Amino acid sequence: MKIYHDVVGTLANSQRSTSGMANMMAPYYRLLAARAAADPAAVADFFVASQLQVRPGVADTQAVLARELSSGTEEGSRLFRQATTLNRDIERARIEDARLAQMIASPEINALRADLKVRLDNLGFQQAETVAALSAYPQYRVVAPGKLDLAELQQVLRADEAYLKMLVVGDAVYAMLIDNKGAQLWRSDLSAAQLDAAVDSVRSTISIVENGRRVTYPFDAATARSLYSKLFGPVADRLPTIANIIFEPDGAMLRLPINLLITSDAGLAAYEAKLDDPEADAFDMRGIAWLGRTTRPSTAVSALSFRNARQAAPSNAANQYFGLGQNQPVGPTLPSLGTRAAAGGVDDSCHWDPIQWNRPISADELNTARSAMGDRAAALLTGGAFTDTAVKARADLDDYRIIHFATHGLVTAPRPSCPARPALVTSFGDSDSDGLLTFQEIYDLKIDADLVILSACDTAGAASVSATREAGVASGGGNALDGLVRAFIGAGGRSVIASHWPAPDDFDATKRLIGGLFAARQGESVADALWATQMRLMDEKQTSHPYYWAGFAIIGDGGQALLHGGTATAAAPKKGKADGRAAR
């Protein structure tokens, strides 16, 4: 325990992670969890250590974004390069001091170590000044290492909310529930393999592709109920009583929103009976005790990022809303890309099929949102004008508080041999356009948005289990969360709303969900606004299946206000389309 504690302390103080060290760290987590019930210090130590356990996908994304930042020409990039150089100098000096400490003491050795101490003090001072200056840049906050002590997180939690954190190490699944007064740590009754199987089972009844067609099946309520009980058993009775839950997922839960987990047996027997009755509507799930019925969940990519989002100053943008989407189709072939793809490290075999551009998302939800803003300053960029080059060239992106993309997200690679490059589909523009706004390009945008809305395919989760595995992503999911969402936060967004699966068109579900957000009262939180519109769909027969209401997640601080300066009136939703769900 002491050896582990010292190692973790050293890594935390030097702002380094334990990426790739999960197996070596596993005994420490097991020991701490065993002591947690009787030793509050063990809970605090677990919280610190868990933040150093960086997923490989996160490490890869941060490395790409760090290279992007380092290659820039602006002041933030210069400071980042300076901080990197100082880090290396400090590490070299520490290694040299450790080498000298192993030698027999002498006046000469003592003098060398004294000089090194002075040098380390000077380097540390320079580094502190550089990091302080860098903290003003959102791009740096996304790639910066760091951790919070348990008390530091508790200080920013409000009385009506709690932080629910997961950690998957090997086959062990741990969870913590933290509020502003205390913390609880436990090891789940599920193994990581069992968690994967349960999530796969639930996801397969929500949105999967079969024979080239996306289908939805009667929901696997029994597994959703069992998953909740086994994953969150020690706090299962408490979670539904918490108004706001900030959820930091790990493992398979990266691709499943917790609002669709079932907290009690209420309504389950009646629903299960429908599955055996060919005359009953197995998609009618009214009366089920969803976690999302009583609590408003949001998602955090890390405790540090949540704290930063909560403490960030509100946007200074003069205008309220900017909507982008409904790309221009390309027909049977892509426009000639010339050397554009090669410049991005993508060869001819790694281009996406034209079908990705030939199924544009309607701009209806953008028009609904703009209309709902009333007399607030709002703008749209759609059709042929919505190109990647046009978006990158705009100098006014930081003039909008809310930026809304209604377009497809590509989160896996076209083929297993291709690099993963999460991106949003756009129209094709001039000769420099490839019809994609990649996460590196998003990261370089300059925005000042309180909220970014991504009502696109799978921007927060796996496209589907099979599609993800076919693309060579063995872990399944998390790519977009580690790419697109982090990129928008790095570009200057405080919070992001993203989808766990392709947004549904049936019954105008997505249009009503997103449009309903703008019916929020002045000062009402993003979490409250999304919860209110989800509840309306949840309580209607046609849209009570989680496919329609559960897919969108808030990443960041759901407690921030959605609208400022007046009350919006949402346009009345149109009647739904014919039922497009799959047969049993």
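Predicted model: local features only at pLDDT ≥ 70, side-chain atom pairs only at ≥ 80, totals over all residues.
Close-up 1. D557 and R310 form a salt bridge in which the closest N and O atoms are 2.7 Å apart. D557 lies in the segment after β16 (552-555) and R310 in helix α12 (residues 303-311), so this pair ties together parts that are 247 residues apart in sequence.

**Close-up 2. The salt bridge between E441 and K392.** The side chains of E441 and K392 meet in a salt bridge, with an N to O distance of 3.0 Å. Helix α16 (residues 439-443) contributes E441 and helix α15 (residues 388-393) contributes K392; the pair therefore ties together parts that are 49 residues apart in sequence. K392 counts as partly exposed, its relative accessibility being 35%.

Close-up 3. The side chains of D89 and R92 meet at 3.1 Å, N to O, in a salt bridge. Both residues belong to helix α5 (residues 75-101), where a spacing of 3 residues separates them by about one helical turn. R92 is exposed, with a relative accessible area of 53%.

**Close-up 4. The salt-bridge network of R401, D448, D450 and R494.** Salt bridges link the four residues R401, D448, D450 and R494 in a network. The structure as a whole holds 26 salt bridges.

Methods
Residues numbered from 1 in each chain as written. Heavy atoms only, no water. Helix = DSSP H or I, 4+ residues; strand = E, 2+ residues; numbered from the N terminus. Buried < 20%, exposed > 50% of the residue type's maximum accessible area, 1.4 Å probe, protein only.
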